[in-house]
Amino acid sequence: MTIKDPETIHDVEGVPVHNVHRHDVVIIGAGLAGMRAAVEASDEFDVAVISKVFPTRSHSGAAQGGIAASLANEEEDHWEWHMFDTVKGSDYLGDQDVIETLVKEAPVVVREFEHFGAPFSRTSEGRIAQRLFGGHTKDFGRGGPVLRACYGVDRTGHVLLHTLYEVCVRNQVRFYSEFHALSLIIEDGECRGVVAWDIVNGGVHVFHAKTVMFGTGGYGKVFKITSNALANTGDGLGMVLRAGLPLEDMEFVQFHPTGLYLQGILVSEAARGEGGHLINGKGERFMEKYAPDKMELAPRDLVSRSIQTEINEGRGINGEAYVYIDLRHLGKEKIMHQLPQIHELAWKFLHVDCVTDPIPIQPTGHYSMGGIPTDIDGRVLLDGKQIPVKGFYAGGECACVSVHGANRLGTNSLLEASLFGRRCGKSIIRYLRENREFSDLPADAAVEAIKMVKRLLSSDGDEKIGKIREDLQVMMTGKCGIFRNEKQLGDLKKELRKLEERYANVRLDDKSETFNTDLLEALELGNMLEFSELIVEGAYARKESRGAHSRTDFPDRDDGEWLKHTLAWKKDGKISFDYKPVTITRFQPKERKY
Amino acid sequence: MAILKFKINRYNPDDERRGHYEQEYELDVPKGYTVLDCLNDIKWKIDGTLSYRRSCRSGICGSCAMTINGVNNLACETQALSLKSDTVTIEPLRGYPVVKDLVVSLDPIVRGLMAVRPYMINKTPPPTDQERFQSPEERDKLEGLYECILCGSCTSACPSFWADKEYLGPHAFLKAYRFVADSRDEDARAHLEALDDKHGLWRCHTIFNCVEACPKGLNPTKAIAELKKEIVKGKVG
């Protein structure tokens, strides 16, 4: 039965009536994917965005270098070249039909941002300025690097995020800021809403929706050294697993080559795009050995492995776990005009003036290539392959569509988040035109979520959240980082089980309802433990090296056995796998050299 | 490494009886530790009830603005040892209602922002298959304006805001000027409308606290001066 009267609010067990909300579209996450979808869908429908941080504080804003599109504003470029680079960058694991859509629609999406008001940097003719980035080349890899990354100084994520927020305000999108999503409401293969916790005031809320979209972002916080925000705990992935849905390609995690030493904070690839050099402890520009042709502008997986190899073999600076990125030869004017944020970060965190000194850097956990399997229109797939969950969408880093395959190229993430956010929005509009009524909300929709919160608020064990989380981060970095092997992954599998047992025995210090960040961190840790096992089990199972997944015991790519996507479920603590083929259209897998 | 004493302003509305109070923590602080790293250590290892906002750790999200030894700053960008003081006093940003401990209500920030219609208004349809053109010189006019991270430090430091809670605040004026100064925006009047008001621009007495408070080195007072000129121009013209 559907409810005809929009004023009728369902009784939801355990949730006061004033905490039950209804919107045509409920989007979780206010980053580029979520807000781009909101902008699109709010042209026609009532859209709410739920975010655990104020929208402009989403982590998309920390992206620095650019957003890829073959605008050819600075020199010749074609979407076919962008496609080839993305396919090769993915180590041939990206699905080529969706990559084709990504690169063809990229110019439209970037120009729309400009029309919305984004303050891009400009060429002398007044067009959107473009710079070099790793892995983006001319003439199907045969030429040199190409000016493809559209940028706003070195604050590209910031300008795009704020612009989307501004357009959402204009379109009267309803924001529920500082709400933490707890669980999905899925009934008869149809998504009908979400349950969330009001961080500011406390209390469980139910969001009854015709469509739900996830733009919940990545999970860098499972690693000790990461470029990610403290908020990047992959909450959407935990929720999806608890709802019995699969995740795809979770073993593929990108480590960004240049994180500030010890803090892991991002030093944009634009620093290399603008001409920065990587230097080891012997003063050598060591990329000569690993990528003689593209040097520092090789893709991230390769550069990170190169840096880590230098460090592991004792050629870090003074033998320590870092190398230098040297910008001095760029000169003060170029640094201050093109890379002012890099200058500011190096100064504020390491007290290094990059005009006069090189910056200590190390690889840092950065991006998840895997995630919630979706089709090209952002529909979440129940079986990971074909059957969509009605009314449920995902886009951006939390999703796996898959355009990045085994390794993402720099500037393709802002593009993917915006572009597939936009596609989600369009696809939601089409769905809502056909499905105008709310489906019933089950009376017990919030029962499990309420139990989860209550258990934590009354917890009285002897484990601290911070300690378990730190152990998780240290283990994941040490045993499931840039280089992996069977022994370490095997050990890690067992250790993660133990962490889950310890998590069952936590104790929160803070038992209050108002702005309880102790509770929030406990919920986040629960999510991280939920999906970390899939990263490790996926990496253990995949006996090859491809893109960012590098097995020292299986150093070669094995297309015969492993040119396929991993799908993984977790039911009652048990993990099961399935695989699906990669879509190959234009470019047959070849050896990958730079 | 040095042992620092942290005096932190505490408040929990679920424990009204206790009201606002100061709590002390001692911490071994290694070189390179930011104030946020210190707060995290206190929260994760000593006292899980301590509440504050934080996210990006790199000075771009604006969550962790707070008053550190009397100065508004981002905790994540402030090196603890460079404060050159054995005692670090941390309070929530002044002028805003306190939600809990170092967490303040964002409502005044959002209210001021909304009043200036914080989005580009453009009546001419954009060209198809092309961006709107903007010369590098026109684009340079946005430098010092577009970088605002909405952390609320400036308005919290503003005596005009302390005296008038309806005052829109320097962050809102900076945002308004970001659009008024943009060669692509076609309706300056819409952004200026709410500013020409007793809670608007004229209440700014150029005290420059906002400039001093901005962790990103921006200059809202200059934007305010420019906006005043725009309004006067509009009236005369």
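Predicted model: local features only at pLDDT ≥ 70, side-chain atom pairs only at ≥ 80, totals over all residues.

Q: Which element gives the largest share of the lining of the largest pocket?
A: The largest pocket, with a volume of about 1300 Å³, is lined by 43 residues, and nearest its centre lie Gln263(A), Gly32(B), Tyr33(B), Thr34(B) and Asp37(B). Two or more lining residues come from each of helix H10 (340-350) and helix H13 (465-479) of chain A and helix H1 (35-46) of chain B. By class, the lining holds 18 nonpolar, twelve polar and 13 charged residues. The largest share of this lining, six residues, is supplied by H1(B).

Q: Which element gives the largest share of the lining of the second largest pocket?
A: The second largest pocket holds about 770 Å³ of space, and of its 30 lining residues the closest to the centre are Leu182(A), Arg242(A), Glu448(A), Met452(A) and Glu530(A). At least two lining residues each come from strand E7 (179-187), helix H5 (235-242), helix H12 (447-457), helix H14 (486-503) and helix H15 (517-541) of chain A. The lining has 17 nonpolar, four polar and nine charged residues. Its largest share, eight residues, comes from E7(A).

Q: Which residues of chain B lose the most area to chain A?
A: The size of an interface is often given as the accessible area lost when the parts come together. Here 68 residues of chain B are in contact with 64 residues of chain A, and the two chains bury about 5300 Å² between them, 50% of it on carbon and sulfur atoms. Together accounting for 14% of what the chain B side buries, the residues that lose the most area are Trp44(B), Arg57(B) and Glu131(B).

Q: How far apart are the closest N and O atoms of the salt bridge between Glu114(A) and Arg184(B)?
A: Side chains of opposite charge can pair when their charged atoms come close. Between chain B and chain A the count is eight salt bridges, alongside 41 residue pairs in polar contact. For the salt bridge that Glu114(A) forms with Arg184(B), the closest N and O atoms are separated by 2.8 Å.

Q: How many residues apart in sequence are the parts that the pair Glu40(A) and Lys426(A) ties together?
A: Over all chains the count comes to 84 salt bridges, and one of these joins Glu40(A) to Lys426(A), with the closest N and O atoms 2.9 Å apart. Because Glu40(A) lies in helix H1 (residues 32-41) of chain A and Lys426(A) in helix H11 (residues 412-434) of chain A, the pair ties together parts whose separation in sequence is 386 residues.

Notes. Residues numbered from 1 in each chain as written. Chains lettered and ligands numbered in written order. Heavy atoms only, no water. 1 Å grid on protein atoms, 1.4 Å probe; cavity = no way out; pocket = protein on both sides within 12 Å on 5 of 7 lines; lining within 4 Å. Points joined across faces, edges and corners; volume = space filled by probe spheres on them. Helix = DSSP H or I, 4+ residues; strand = E, 2+ residues; numbered from the N terminus. Nonpolar A, V, L, I, M, F, W, Y, C, P; charged D, E, K, R; others polar. Contact = heavy atoms within 4.5 Å. Buried area = accessible area lost by both parts, 1.4 Å probe. Salt bridge = Lys/Arg side-chain N within 4 Å of Asp/Glu carboxyl O. Polar contact = N/O pair within 3.5 Å; in protein donor to acceptor, adjacent residues only side chain to side chain.
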